[in-house]
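Here is a short briefing on one protein model. Look at the sequence and the 3D view, then work through the points below.

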Amino acid sequence: MVTNPWSYILISALVTYLIRVLPLTLIKKPIENQFIKSFLFYVPYVTLAVMTFPAILGATEEPIYGLLALVVGIIASWLGANMFFVAVLCCLVVFLAQIIL
């Protein structure tokens with residue numbers, strides 16, 4: 001068992017570096033496969049969603065308040081509201097839901 005924290009930092013840095021460098025060294029020509037191109041295009045959006053949605057539900061006392069704010073935020077953004085308004089509206093929904101419910 002390794003107890004030196006510097007070894008953990010070194011291993012983490014090495015893994016992170018390899019993940020970023022290996023595709024650059026192994027893939028020499030442009031990617032032509034449409035499936036792989038679309039997969040790589042959507043990876044950042046999926047990663048952001050996977051990190052954000054649990055945080056929305058877990059940021060309140062009860063997950064139902066976060067879910068309510070999420071639904072209101074989706075509807076407001078679907079109707080064309082800007083991001084600042086959606087954020088303020090969601091905070092207001094959580095605040096009012098905690099008072100009322």
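A residue is called buried under 20% relative accessible area, exposed over 50%, and partly exposed in between (1.4 Å probe, protein chains only). This is a predicted model: local features need pLDDT of at least 70, side-chain atom pairs count only at pLDDT 80 or more, and totals for chains, interfaces and linings use all residues. Residues are numbered from 1 along each chain as its sequence is written, and side-chain values use heavy atoms, with hydrogens and water left out.

**Start of the chain**

- Asn4 sits in the segment before α1. Helices are DSSP runs (H or I, at least four residues), numbered from the N terminus.
- Asn4 is partly exposed, because its relative accessibility is 41%.
- Asn4 and Leu26 are 22 residues apart along the chain, and 33 Å separates their C-alpha atoms.

**A nonpolar surface patch**

- Leu14, Tyr17, Leu18, Leu22, Leu26, Ile27, Ile31, Phe35, Ile36, Phe39, Leu40 and Val43 make a nonpolar surface patch of about 1,200 Å².
- Two elements, α1 (5–26) and α2 (34–58), each give two or more residues to the patch.
- Patch residues have over 30% relative accessible area and no salt bridge; nonpolar side chains (Val, Leu, Ile, Met, Phe, Trp, Tyr) are joined within 5 Å, and like charges within 9 Å.
- A salt bridge puts a side-chain nitrogen of Lys or Arg within 4 Å of a carboxyl oxygen of Asp or Glu.
- Accessible areas come from the Shrake-Rupley method with a 1.4 Å probe; for residues, only the protein chains shown count as cover.
- Leu14 belongs to helix α1. Its relative accessible area is 49%, so Leu14 is partly exposed.

**Where two helices meet**

- Two packed helices are described by the angle and the distance between their axes.
- The axes of α2 and helix α3 (residues 63–78) come within 6 Å and cross at roughly 125°.
- Axes are lines fitted to C-alpha atoms, for helices over the stretch in contact; angles run from 0 to 180 degrees between N-to-C directions.
- Therefore α2 and α3 are oblique to each other. Under 35 degrees is roughly parallel, over 145 roughly antiparallel, 65 to 115 roughly perpendicular, and the rest oblique.
- Phe53, Ile56 and Leu57 of α2 make the contact with Pro63, Gly66, Leu67 and Leu70 of α3. Contact means heavy atoms within 4.5 Å.

**Two residues of α4**

- Ala97 is in helix α4 (residues 83–100). Ala97 counts as buried because its relative accessibility is 6%.
- Ala97 touches Tyr65 and Leu68, leaving aside residues up to four places away in sequence.
- Cys91 is also in helix α4. Cys91 is exposed, at 53% relative accessible area.
- Cys91 and Ala69 are 22 residues apart in sequence, yet 7.3 Å apart in space, C-alpha to C-alpha.
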